[in-house]
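Hello,

Here is the structure we talked about. Please open it first; my notes follow below.

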Amino acid sequence: VKVLEDRLIIKLFYERSEKAIDELAKKYGKLCKAVSFRIIGNEQDVEECINDTYLAVWNTIPPQHPEHLSAYCVAITRNQSIKRYRSNTSKKRNSYYDALLDEMSEYLASDILVEDEILLKEMGEYINEFLWKCKQIDRVIFVKRYWFCMEIGEISKELKVSDNYVKVHLHRTREKCKDYLRKEGIMS
Amino acid sequence: MKSELVEKRREALEQIISGLDETYITEAIDYKSNKETILFWRYLKKVAVAMLMVSILGISGITVVAACGYTPAMEILSKLYPDFAKRIKPVNESCIDNDIEMKVEGIYIEDNVAKVYISMRDLTSDRIDETIDLFDSYSIHTDGAQIGSCEFVEYDAVNKMAYFLIELQNEKDNPIKGKYMTFSVSRFLSHKLTTDSNLLEINLDEVPLNPEIRNVGDEQLRFRGGSNDGGRYNILQYNNTQAFSPVEGVQITAWGIIEDELHIQVYYEDILTFDNHGYILLKDLNAEDKYVYPKTYAYFDSDNVGSYEEYVFDLGSETDWNTYSLEARFWTCTNLTEGNWKVTFPIENK
């Protein structure tokens, strides 16, 4: 079974061929499902989010011509999944995802921040800057943990390091990030 | 009250993390393979340096060394990156046709995944460049069911070499080693062009209202996109007086309004050989990033070589065309190189 190159999949979207969605699903469906499941935590909602993702990709390419189809597609899935998660009732809440957010909470969130949209946006920009200055391995671990919502064990297995290595590096990155934001006057 | 605050904090964090730069997301997805790829390119450079040194010093016996699967570069590599060197297996398998060499540089296997690095080099001229495209002319054969892909990785302008990465994955978690792979390429495109145009020759204020049309059915179409109507469609007749070419390989062959819809007909020459293709959108000048997507009807020319593609924009009869502009992009090529490049090698670690 041949998997198409990204540019050929994008070409199919430009041709408005329905094969585009099949090829996208074949190549990135698994990745998108994994991210969605980590956020939502139930199969049925995940399926709907994945279908919404394909529809959103269909509606945005063209005119978009993403340089990285994988990131483009999985970012849409993530946003769809968060929206779905936020609309879920308390019975359907995923404690894993909440715990993951709480893990960062003491480092990055403050009561002032949650009320201030502009400050929130500014903080996002500073975190991007901070990550740029980090070592690549620390940045990758941070993104895998908090953006892809991966478990510690999944990250260590993928990067061929120990669980402890991941935990220690995450802890250090969070601490450094907090210091950086303080120095920049974003957090007190 | 407390739980409300906790929830607000979570939402704030979500918003921050969702705004992480796309580059970091891509980096995290590709990190594993990037690491291996970077090391592999360093390895290739060492090979090149070692080969050069051997030829400068006039040391004979390089062929014998290479044939044993142990290049001088492997020795250097073992010292520099012992872990990686242990995992990469050099494969001295190559073939030459039409003065172009295709070579298997190395193979790396882990569990149910094999990564094979292939290079292509023009020995006599400049037919290979950074736009090289195997255009689906490659095939991957193995003695089992796997998912395979081949992606262009890098072009080395100094040595005029293009590198490709073949990834082969067993659909189940069975180990992949112990099989043979045959990789073959029959042709490739290069020196491809990307052309953007606003098609100013088409004056949207003066689009013909009664163009010559013909009626076609689904069975005559190569594909139909963006519409579910099915059945039969009115499309434009080729119009010699309107035709113009925005770039070699592409002609705009007619345009007009049919049943309140704007039709623009484009002819892509020899699509099966040169993969000429493109798109046209209508941009709403009163809104940022607002586009109108067309329906498309595509059909082969009478020789089944080129393709007519008709872009149809439905904006209703009251459309003020002054508030729109056309945006087109075309990918074209005129350089095709053919040959019979084929390598067979075992998928195994050292």
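Start with helix H4 of chain A, residues 69-87. At 1.5 Å a residue, its 19 residues should span 27 Å, and the end C-alpha atoms are 27 Å apart, so the two values agree. H4(A) is mostly covered, with 14 of its 19 residues buried. Bear in mind throughout that this is a predicted model.

Confidence

The predictor gives the complex an ipTM of 0.90 and a pTM of 0.62. Chain B averages a pLDDT of 81, and 79% of the residues score at least 70. Residues 54-74 of chain B have a pLDDT below 50; beyond near neighbours in sequence, that stretch has 24 contacts in the model. Where pLDDT is low, predicted coordinates should not be read in detail.

Helix H10 of chain A

H10(A) covers residues 163-183. The same check works here: 21 residues at 1.5 Å each should span 30 Å, and the end C-alpha atoms are 30 Å apart, so this agrees. Its buried residues include Val166(A), His169(A), Leu170(A), Arg174(A) and Tyr180(A). What covers them? The cover includes helices H5 (95-108), H7 (117-133), H8 (136-146) and H9 of chain A. Just after H10(A), Gly185(A) takes a positive phi of about 80 degrees.

Ser156(A)

Ser156(A) lies in helix H9 of chain A, residues 152-159. Is Ser156(A) buried or exposed? Its relative accessibility is 5%, so Ser156(A) counts as buried, the cut-off being under 20%. Its side chain makes a polar contact of 2.5 Å with the side chain of Asp163(A). Leaving aside neighbours within four places in sequence, Ser156(A) is in contact with Val161(A), Ser162(A), Asp163(A) and Val166(A). Val166(A) is also one of the buried residues of H10(A).

Aromatic rings

A search of the whole structure finds 17 aromatic pairs over all chains. One of them is stacked: Tyr299(B) and Tyr308(B), at 5.5 Å centre to centre and 20 degrees between the planes. Both Tyr299(B) and Tyr308(B) are buried. Look also at Tyr14(A), Tyr279(B) and Trp331(B), which form one aromatic cluster.

Charges over rings

Two places to look at. In chain A, the charged end of Arg16(A) sits over the ring of Trp58(A), 4.2 Å from its centre. In chain B, the charged end of Arg222(B) sits over the ring of Phe300(B), 5.4 Å from its centre.

Best wishes

Key. Residues are numbered from 1 along each chain as its sequence is written. Chains are lettered from A and ligands numbered from 1 in the order in which they are written. Side-chain values use heavy atoms; hydrogens and water are left out. Rings of Phe, Tyr and Trp (its six-membered ring) pair if their centres lie within 6.5 Å; planes under 30 degrees apart count as stacked, over 60 as edge-to-face and the rest as tilted. Buried means under 20% relative accessible area, exposed over 50%, partly exposed in between (1.4 Å probe, protein chains only). A charge sits over a ring if NZ of Lys or CZ of Arg is within 6 Å of the ring centre and within 35 degrees of the ring normal. Helices (H or I, at least four residues) and strands (E, at least two) are DSSP runs, numbered from the N terminus. A polar contact is a pair of N or O atoms within 3.5 Å; within protein, one must be able to donate a hydrogen and the other to accept it, and residues adjacent in sequence count only if both atoms are side-chain atoms. Contact means heavy atoms within 4.5 Å. The expected span of a helix is 1.5 Å times one less than its number of residues. pLDDT is the predictor's confidence in each residue, from 0 to 100.
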